[in-house]
Protein chains: 4
Amino acid sequence: MAQLVRFGVSLEKDLLAAFDLRLKGKKYTNRSEAIRDLIREELVRQQWQEGSEIAGTITMIYDHHKRELVNKLMDIQHDFGNIIISTQHIHLDHHNCLEIIAVKGKPSQAQELADTLKAIKWVKHAVLNMSSTGKDI
Amino acid sequence: MAQLVRFGVSLEKDLLAAFDLRLKGKKYTNRSEAIRDLIREELVRQQWQEGSEIAGTITMIYDHHKRELVNKLMDIQHDFGNIIISTQHIHLDHHNCLEIIAVKGKPSQAQELADTLKAIKWVKHAVLNMSSTGKDI
Amino acid sequence: MAQLVRFGVSLEKDLLAAFDLRLKGKKYTNRSEAIRDLIREELVRQQWQEGSEIAGTITMIYDHHKRELVNKLMDIQHDFGNIIISTQHIHLDHHNCLEIIAVKGKPSQAQELADTLKAIKWVKHAVLNMSSTGKDI
Amino acid sequence: MAQLVRFGVSLEKDLLAAFDLRLKGKKYTNRSEAIRDLIREELVRQQWQEGSEIAGTITMIYDHHKRELVNKLMDIQHDFGNIIISTQHIHLDHHNCLEIIAVKGKPSQAQELADTLKAIKWVKHAVLNMSSTGKDI
């Protein structure tokens with residue numbers, strides 16, 4: 001289990017009061033946990049900027065009524081097989097599918113896959129979501 | 001099948017040349033598809049701003065080595081059962097799990113679920129990703 | 001002068017080491033200052049979300065070669081006189097002007113001014129930048 | 001004056017109707033202008049990603065009651081004199097100053113200046129805003 005350390009932060013009394021109020025609204029019960037989350041978010045930004053190994057998700061919406069589309073999406077996902085972990089597929093309504101692809105690799109590879117999917121006709125929306133492998137955070 | 005219409009856009013010659021070059025880098029083979037995607041992204045921003053029904057994903061990383069954590073996450077997901085469609089779970093390594101929750105509902109509900117999960121100890125990172133039900137885009 | 005308080009944060013040793021490394025890259029010489037900045041950024045997000053009084057800047061680029069444009073921009077700025085503090089104007093080259101408008105007021109008013117300016121022909125780019133009056137942060 | 005060209009976009013009738021409605025809310029009177037703005041925003045994102053010459057603004061809030069702070073800010077601005085065009089200073093209240101620095105140069109230089117300013121004690125908030133020199137958009 002990870003070794004815990006403790007350090008002190010000094011700040012203006014009013015700033016701390018405002019932060020504590022914000023944390024209540026954000027469901028935190030513990031100030032340290034909120035600080036840890038701010039720190040981890042900063043580190044995730046760094047991992048994406050610096051091209052470290054990251055994890056993320058690509059969320060896309062498409063109309064599945066074109067059989068060729070489904071085949072094309074399948075082909076592309078196989079081309080990027082080295083960074084795709086798994087895919088979750090949801091039938092939103094008669095027309096629209098929500099597909100969520102979990103990826104692990106370099107930010108540039110994840111971005112290229114997201115770009116390639118978004119550029120396809122009948123893919124209505126595709127967005128890349130930045131997360132982390134959790135290793136160094 | 002959706003009825004197609006056509007409209008004209010006038011713009012500076014150099015601006016169009018720069019856009020065409022960008023599209024090549026972004027894998028587009030068709031200018032109309034690129035314009036449609038820019039339009040749809042604008043509409044998705046609107047849906048989230050105005051509180052329409054949206055779809056989205058919450059991506060989170062956590063260390064599963066606390067049995068109470070897994071139960072807590074399960075309880076919360078049941079509390080928000082009305083907006084959760086399904087969940088995808090990936091074992092990133094011995095410690096870290098990547099869990100992706102597909103949601104459909106109001107932006108404020110999706111945000112509240114993401115906040116609630118992020119505030120939990122042992123959840124290292126949680127991020128809400130904005131997409132759409134695809135209905136009006 | 002503001003009263004300082006001190007509180008302790010406990011976190012994983014490796015997480016703190018990664019954060020300290022990031023801070024070096026971000027020019028920080030002091031960990032408390034970095035934490036304070038993360039906290040203040042969270043509070044600025046809150047002020048914009050909740051519609052508190054904010055300060056911000058609108059940065060726009062336009063081609064000044066249309067006399068009617070300059071008059072139109074002037075008229076609009078007078079219509080929004082209650083939220084505009086001052087304007088800085090820079091001649092980027094023979095064609096392009098960079099104009100930066102400092103605003104103080106409600107987020108929705110600042111957004112409306114930015115939208116109004118962006119929608120004008122010959123205004124090439126306009127973006128709203130979120131900052132704070134500094135009062136509660 | 002820039003040469004205008006015209007091209008056609010085909011899209012779903014409902015999508016166009018939704019876009020037209022959005023444009024009304026966003027103060028546009030002209031569909032071409034809205035498309036041009038979406039295109040230019042895409043190109044500005046590209047310029048920042050690819051490290052082209054950009055223009056931008058750094059907006060910061062600080063408490064000027066430390067004389068050494070004002071000197072320090074001045075020194076740093078001189079160190080980055082090659083990318084700073086001009087500075088606008090606003091007295092928000094008895095304590096807080098809003099200072100807006102217009103910059104032109106590489107994105108990495110603008111980011112470094114913003115980081116350096118943000119890391120200083122008594123600088124409460126500093127944010128870098130991405131715009132363009134207007135040259136290729």
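**Stop 1: chains C and A**

Show chains C and A together and look for charged pairs: two salt bridges link them (a side-chain nitrogen of Lys or Arg within 4 Å of a carboxyl oxygen of Asp or Glu). Before you click on, note that this is a predicted model, where local features need pLDDT of at least 70, side-chain atom pairs count only at pLDDT 80 or more, and totals for chains, interfaces and linings use all residues. Residues are numbered from 1 along each chain as its sequence is written, chains are lettered from A and ligands numbered from 1 in the order in which they are written, and side-chain values use heavy atoms, with hydrogens and water left out.

Now select C:Arg22 and A:Glu42: their side chains meet in a salt bridge, 2.8 Å from N to O. On the chain C side of this contact, color β1 (4–12), α1 (13–25) and α2 (31–50), each of which supplies at least two residues. Helices (H or I, at least four residues) and strands (E, at least two) are DSSP runs, numbered from the N terminus. Of the elements on that side, α2(C) gives the most, with 13 residues.

How much area is buried between chain C and chain A? About 3700 Å², with carbon and sulfur atoms giving 63% of it; buried area is the accessible area (1.4 Å probe) that two parts lose on being put together, summed over both. Pick out C:Phe7, C:Val9 and C:Arg22, which supply 19% of what chain C buries against chain A, more than any other three residues.

**Stop 2: chains A and B**

The buried area is about 4000 Å². In chain A, select A:Lys27, A:Lys124 and A:His125: they lose the most area to chain B, together 14% of what that side buries.

There are six salt bridges between these two chains. Zoom in on B:Lys118 and A:Glu41, which form a salt bridge with their closest N and O atoms 2.7 Å apart.

**Stop 3: a helix in chain B**

Finally, select α3 (residues 67–79) of chain B, a helix of 13 residues. B:Leu69, B:Leu73, B:Ile76 and B:Gln77 are buried there (under 20% relative accessible area; exposed is over 50%, partly exposed in between; 1.4 Å probe, protein chains only). They cover an arc of only 100° around the axis (taken from the directions from the helix axis to the C-beta atoms), which puts them on the same side of α3(B). Turn to the face away from that side for the exposed residues, among them B:Arg67 and B:Asp79.

Methods
The expected span of a helix is 1.5 Å times one less than its number of residues.
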